Amino acid sequence: MSFFPRWPLARGTTVPPDERLPWGTTGLLGVQHLVAMSGSTILGPLLMGFDPNLAILFSGIGTLIFFVLVGGRVPSYLGSSFSFIAVVIAVTGYAGTGPNPNIGPALGGIIAAGALYAAIGLLVMGTGSNWVERLMPPAVTGAVGAAIGLNLAPVAVKGIEGTGPHVLVALATLLATACIAVYAPLAIRRISILAGIACGYVLYLFVGNVMGLLPPISFAELAGAPWFGMPAFRAPSFEAGAMALIAPVAFILVAENLGHIKAIGAMTGRDLDPFIGRGFLGDGIATMVSGFGGGTGVTTYVENMGVMAVTRVFSTLLFVVAALAAIALGFSPKFGALLRTVPGPVLGGLAVIVFGLIAAAMIRLWVDNRVDFSDPRNLLTVGTALVLGSGNFTVTLGGFSIAGIGTATIAAIGLYQLLGIGRREPVAVAHGMPDRPPH
């Protein structure tokens, strides 16, 4: 078997990963995947004070890295991971608006998470994925994911607090995004975050720039930015405390990617388990590359999986097209300047939805995997992780500090395994969790 498929023209209505459509159609569907991922990939860095231009650029580069590592056989797009938001804010002390002036230590932590993730990938390539599924079953991954969402609740609330007009725009953005996600046509629902940004942006222009009730949006940077140019790369710095705090996010990324590959395997009728380790390695390397250049950590995207489920087109070449288009946008300073004009109240309203759904999606994970909450082992694992994460329980050992997400992760994994000593009941297989709200 050659390293890459040959991608012959598809003959059926369902297009498998190793086939393709005519090149013109492939290009159009590739752009559709670019649009599907753009809302969350843009929102993630804005909520952390990162450069969204760099996030778009490294999402494309990361997707190509993943494509090569899995031999072009697993259809996936890698975009900004929301799992990093809480720990990045904790490390940098980000105030919530404008560029983050202290992202160096966060980038070092993202690289550490990517390195741990890649190491897990290499281990899985050598030993198989069964141990990962036993170490992090749905009760554990759901507990950690819910803890992340609850840990971010104060950040979301702070984002919508302010004067009357500020709260109005924030809540209107929240309501518009929710209504679009529920009532809009399917194609629009899949980009509900992007559509919500647009609605909130227009309202802010009216309230701020027209009525003068909020500071007006300035378009000076946008007007002066060139259409094409080099991105403003940022260098990481490596601080032990920041790396110890952010590195455990790798376990969440493992759960996400594991679920993604298994779901795609089920949708396509292909056995993709042999590519799980290579997928972890590709995602880990992509996260490291992004961190070295100033981008966010990346993960496989639920949005693009939804597009594939609707179109029944799983050709991996679509993601090459989407990645190349994202890289091109990354070299447009004007595009980045436009993204930086998104006002704070709009981001605050979106944060309430996104952070809340990170936690709420874990309930769906537990339901889908029939987690038995009559079992004290599951109850105690979940309850402990939720309290440690939402309360931001921090442990300091010498120069190391592990905050809520780290302590919740360690507690969930450790307590679940400890309470399983001497028990012989079968362990459920984790099906992963969405990193962003499903559209």
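Modeller: Contact here means heavy atoms within 4.5 Å. This is a predicted model, where local features need pLDDT of at least 70, side-chain atom pairs count only at pLDDT 80 or more, and totals for chains, interfaces and linings use all residues. Residues are numbered from 1 along each chain as its sequence is written, and side-chain values use heavy atoms, with hydrogens and water left out.

Colleague: Which residues does Thr296 touch, not counting residues up to four places away in sequence?

Modeller: Thr296 sits in the loop between α14 (276-293) and β2 (298-300). Helices (H or I, at least four residues) and strands (E, at least two) are DSSP runs, numbered from the N terminus. With nearby sequence positions left out as you say, Thr296 touches Pro45, Met48, Phe50, Ala55, Ser80, Ile110 and Ser290.

Colleague: Is Thr296 buried or exposed?

Modeller: Buried means under 20% relative accessible area, exposed over 50%, and partly exposed in between (1.4 Å probe, protein chains only). Thr296 has a relative accessible area of 1%, so the term for it is buried.

Colleague: Which residues form the salt bridge?

Modeller: A salt bridge is a side-chain nitrogen of Lys or Arg within 4 Å of a carboxyl oxygen of Asp or Glu. By this rule the count is one salt bridge. At 3.2 Å, N to O, the pair is Asp18 and Arg270.

Colleague: How many residues apart are Asp18 and Arg270?

Modeller: Their side chains meet in a salt bridge. Asp18 lies in the segment before α1 (23-48), and Arg270 in the loop between α13 (249-268) and α14. The pair links distant parts of the chain, 252 residues apart.
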